[in-house]
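Colleague: Could you walk me through this one? I'd like to ask about individual residues first and then move on to the fold.

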Amino acid sequence: MIELIPESYVARLDLSKIFGRDAPVHIDLGCGDGAFLFALAQRHPEKNFLGIERLSGRVEKASRKAGPSRTGTKIDNMRVLNVETSYAVRYLLPERSVKTFYLLFPDPWPKRRHHRRRIVTPDFLNSIHAALEENGFLRLATDQVDYFEQIAQLAAADSRFAVVDVEDVDLPVTKFERRFQAQGALIHRLTLRKISPVT
């Protein structure tokens, strides 16, 4: 089953049981209709991919993408969880269980009075850090320069992460990225790697 129904919403997920194997886990936070996640899962059958999405309609679309296709095959290394992103990262993911998080074009909440609703906060980075394996990654992208600058400042102030240059990573293009590029918007990217702070 592609859509993941946890046994409990207050206990940590057993990712090995969910996927039926041990493999590096990659998580798309706010996976939308699952197109990006599906493309990654197709490219990398040796890895496990989990999408987290709060909107049930999008979860259904993402699940259909990975179900049996016209050729009779389906994607076995992709699951989708219908739950709020921050909650899932903080309470459902085991410590040191995730190789890479993708947070692509999160809701920018552009009005200043709504900035407090933005997902990337010190508390969110704490949860990401706890869930990441050593040397794991958080890959971010946004078309909003002020949000990008805010994230970059938070990252620079957190000694548990290093900003790394990973221009050689070939990722699928998301629907939002295509739309923003067609509008001539610049895409701002940032990749953070979990490190052990020097003591």
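Colleague: At what relative accessibility does Pro45 count as exposed?
Modeller: Pro45 is in the loop between H2 and E3; helices (H or I, at least four residues) and strands (E, at least two) are DSSP runs numbered from the N terminus. Exposed means over 50% relative accessible area, buried under 20% and partly exposed in between (1.4 Å probe, protein chains only). Pro45 therefore counts as exposed, its relative accessibility being 51%.

Colleague: What kind of model is this, and which atoms do the side-chain values use?
Modeller: This is a predicted model, where local features need pLDDT of at least 70 and side-chain atom pairs count only at pLDDT 80 or more, while totals for chains, interfaces and linings use all residues. Residues are numbered from 1 along each chain as its sequence is written, and with hydrogens and water left out, side-chain values use heavy atoms.

Colleague: Back to Pro45: which residues is it in contact with, leaving aside neighbours within four places in sequence?
Modeller: Contact means heavy atoms within 4.5 Å. With neighbours within four places in sequence set aside, the partners of Pro45 are Arg21 and Asn77.

Colleague: How many aromatic pairs are there?
Modeller: Rings of Phe, Tyr and Trp (its six-membered ring) pair if their centres lie within 6.5 Å; planes under 30 degrees apart are stacked, over 60 edge-to-face, and the rest tilted. Under this rule the count of aromatic pairs is three.

Colleague: What is the angle between the planes of Phe36 and Tyr102, and how far apart in sequence are the parts they tie together?
Modeller: The rings of Phe36 and Tyr102 are 5.4 Å apart, centre to centre, in an edge-to-face pair with 70° between the planes. Phe36 belongs to helix H2 (residues 35-43) and Tyr102 to strand E5 (residues 98-104), so the separation of the parts tied together is 66 residues.

Colleague: Is the pair of Tyr87 and Tyr91 stacked or tilted?
Modeller: Their ring centres are 4.9 Å apart with the planes at 40°, so this pair falls in the remaining class. Tyr87 and Tyr91 sit four residues apart in helix H4 (residues 85-92), which means about one helical turn separates them. Both partners are partly exposed, Tyr87 at 27% and Tyr91 at 37%. The class of the pair is tilted.

Colleague: Over which ring does the charged end of Arg118 sit?
Modeller: A charge sits over a ring if NZ of Lys or CZ of Arg is within 6 Å of the ring centre and within 35 degrees of the ring normal. For Arg118 the distance from the centre is 4.4 Å, and the ring is that of Tyr147.

Colleague: What is the phi of Asn135?
Modeller: Most residues other than glycine have a negative phi. Phe105, buried at 10%, goes against this with a positive phi near 55°. Asn135 is found in strand E6 (residues 132-142) and is partly exposed at 36%. Though not a glycine, Asn135 has a positive phi of about 65°.

Colleague: How many bridges join E5 to E6?
Modeller: E6 is largely enclosed by the rest of the structure because eight of its 11 residues are buried. In E6, Ala141 is the bridge partner of Leu104. E5 and E6 run parallel, and the number of bridges joining them is six.

Notes:
Two strands pair if DSSP finds at least two bridges between them.
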